Every structure is written in C-alpha cells, then in structure tokens.
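Biologist: I would like to learn how to read helix packing and aromatic pairs in a model. Could we work through one case?

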Amino acid sequence: MPIKYLEDSPSHYWKSHRAYRNNFYQCSHLCDIGQENFQRKVVEVLQKMDSLKILGIGSGKGELDCVNIRRMLTHFSHIDNTVVEPSIEAIQAYKSLISQRSPEHVTSLWHKETFQQYWRRRQSIGATNKFHFISAVHSLYYADKDGKSLGYLIDLLEKDGVMFIVIQNENSGLINLFSEFAEYFRHHPNNPSKLHTTSKVLKYLNEDGRVAHEVIRGRHQIDITSCFESESSEGSLTLDFLTNVIDFKSTVSSDILQLFLNYMKTPNCSEILSDGRIIFQEKWDAVIVRRK
C-alpha cells in the first residue's frame, strides 16, 4: 500500500491531532507558560509600540494565538492580526474562536498558505510591512537547512519586536523516534528525521547577531498505551500523528510496525509506569526572541 502522509489530508491530520491531545497524561501547557512569562517578556517590551501588528505562522486553530491576543488587548486598544495557515479547516475554527472572544478589537487577515508560500509571495510583490510580534509554534520543523527562513522572520520583526518560537528539543522522544527510523522516512517529502530542533534554531539565532533570546523548557507526556491495542481506533490515530503517516498500522508491514512499537517503549521515547501504562516523553522549548 502506498504511503500517504498527514500533510496530504488536513482532515486526517486534525483527527489524529485530537486523538493525540486526548491522550495527554501530563504537560507543561503553553498557555500556562505564557501566563507566567508573557507580561514581562513580551507585553512590557511591546508597550513601547504605538500600535500592534502581529503575525502567526502555522497558527492552527488559533487556541494559543487567541490567548496571547486577549492578553495583549489589556494593553492595546486594537490589534492587526495576520495569520498564515495552510489548512482551511483550521482557519475556519480560528475565525470562529476569535469572533467569540474579541471581534471588535482585532482585525484579521487570513492567508491559506504555507510559510514558504507566504515568504515567496511577499518577495514577489515587494512587501515591506513588518510586525511587532511573531508567533511560530511547532511550525519551523521543515524550514530550510541554512536558516534563511528564520533569518527572514527576523527581517519581518520591527526593532524591539518579539518572536515566540516553540520547537521540539533534540532529546525529545519524537526526535529520537524519527532519528532511529531515518531510513524509513527517507522518501518523505519533508524527511522527519531531519527536523529542525532547538539546537539548530539557537545556532541560527546566535549566528544572526540581530537578536537576543532566552529559552523556556517544557514537555508533554502522552499516554500511548492504546497504540499497542490492535482494536483501538484512538491508538491508531495517535500513532498516525506520531509517525506522520496516514493509517500507519495498515500501511506498513507487520515487521516494521513491531520495530516501531518496540522502540517506542524504550527509555529513548517512553517511561513505563508501575501499572503498565506507556508514557511517551515529548520535550519542547519555547524560545523568546527580541529584535535588537
């Protein structure tokens, strides 16, 4: 059976994402981390601005964006919000969410495209507008190898502007899984075994020289026990999300499936609790970047 990847089906992506989220065992929630740090590290810096223009890259359904916007609206009377998101399903959900929470104080511009498409289109029309705040949450994994896309995002920041990046740590179970099975993923159009991680992002930021940055550590723990249950539809969907493959269990051979499942139980990926539950360890970092 030919392999189909999650980016080939946005509807299956969001279905598998819901299953993955439903299996959260314990996590450092991005919204909670934002509550502790957003005022001091973002809002107080942005208060130097007369008006606020923000950009979301791969904003998904807008849950985190709307939390951040609500916090900003306590200090700014109006926000111009530009959203770059390739999934129409996600955009519709975002529109619904923001209309419920702050319809009168936010003007949104929606771009149904990838970051790379947005970048190329801006260059083709000679766009020069910049932003005070850029959010790129779990959306820079497939950026170019030489860091040009991150450099372009820095170009888009106004002086004293802030960028909020969330990305997997290189010690995350997910990164270890992709690295272990790099050969299996070699034909993937965006080879997951070559994902950008925190260390690569920090390398690019340090080389750029135009920004200051700091890192906040976080993690998700996901109960993947159902992935090992042959009749569990939620387990199958969770496995699809973790491998980035649609119908992973029925697509790969039984030998490959067993290799994946066996590795996912190792300490490189998971902790096995005393009651037998298998808890997958995802480690991620929030990188707060300020344009000098």
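Biologist: At what angle do helix 9 and helix 11 pack, and how far apart are their axes?

Modeller: This is a predicted model. Helix 9 (residues 233-243) packs against helix 11 at about 85°, and the axes lie 13 Å apart. Angles of 65 to 115 degrees count as roughly perpendicular, so that is the label for helix 9 and helix 11.

Biologist: Which residues in helix 9 and helix 11 meet?

Modeller: From helix 9, Leu239, Leu242 and Thr243 take part; from helix 11, Leu257, Phe260, Leu261 and Met264. Sorted by class, this contact has six nonpolar residues, one polar residue and no charged ones.

Biologist: Now the rings. How many aromatic pairs does the structure hold?

Modeller: There are 13 aromatic pairs. To classify a pair, look at the angle between the ring planes: under 30 degrees is stacked, over 60 is edge-to-face. Phe181 and Phe260 have ring centres 4.0 Å apart and planes at 15°, so they are stacked. Phe181 lies in the loop between helix 7 (173-180) and helix 8 (198-208), while Phe260 belongs to helix 11 (residues 254-264), so the pair ties together parts 79 residues apart in sequence.

Biologist: Are Phe181 and Phe260 buried or exposed?

Modeller: Phe181 and Phe260 are both buried. Tyr184 and Phe260 also pair: the centres are 5.5 Å apart and the planes stand at 75°, so this pair is edge-to-face. Tyr184 is in the loop between helix 7 and helix 8, so its pairing with Phe260 in helix 11 links parts 76 residues apart in sequence.

Biologist: Which residues form one aromatic cluster?

Modeller: Tyr13, Trp14, Tyr20, Phe24 and Phe241 do.

Conventions: Residues numbered from 1 in each chain as written. Predicted model: local features only at pLDDT ≥ 70, side-chain atom pairs only at ≥ 80, totals over all residues. Heavy atoms only, no water. Phe/Tyr/Trp six-rings, centres within 6.5 Å; stacked < 30°, edge-to-face > 60°. Helix = DSSP H or I, 4+ residues; strand = E, 2+ residues; numbered from the N terminus. Buried < 20%, exposed > 50% of the residue type's maximum accessible area, 1.4 Å probe, protein only. Axes fitted to C-alpha atoms, helices over the stretch in contact; angles between N-to-C directions. Parallel < 35°, antiparallel > 145°, perpendicular 65-115°, else oblique. Contact = heavy atoms within 4.5 Å. Nonpolar A, V, L, I, M, F, W, Y, C, P; charged D, E, K, R; others polar.
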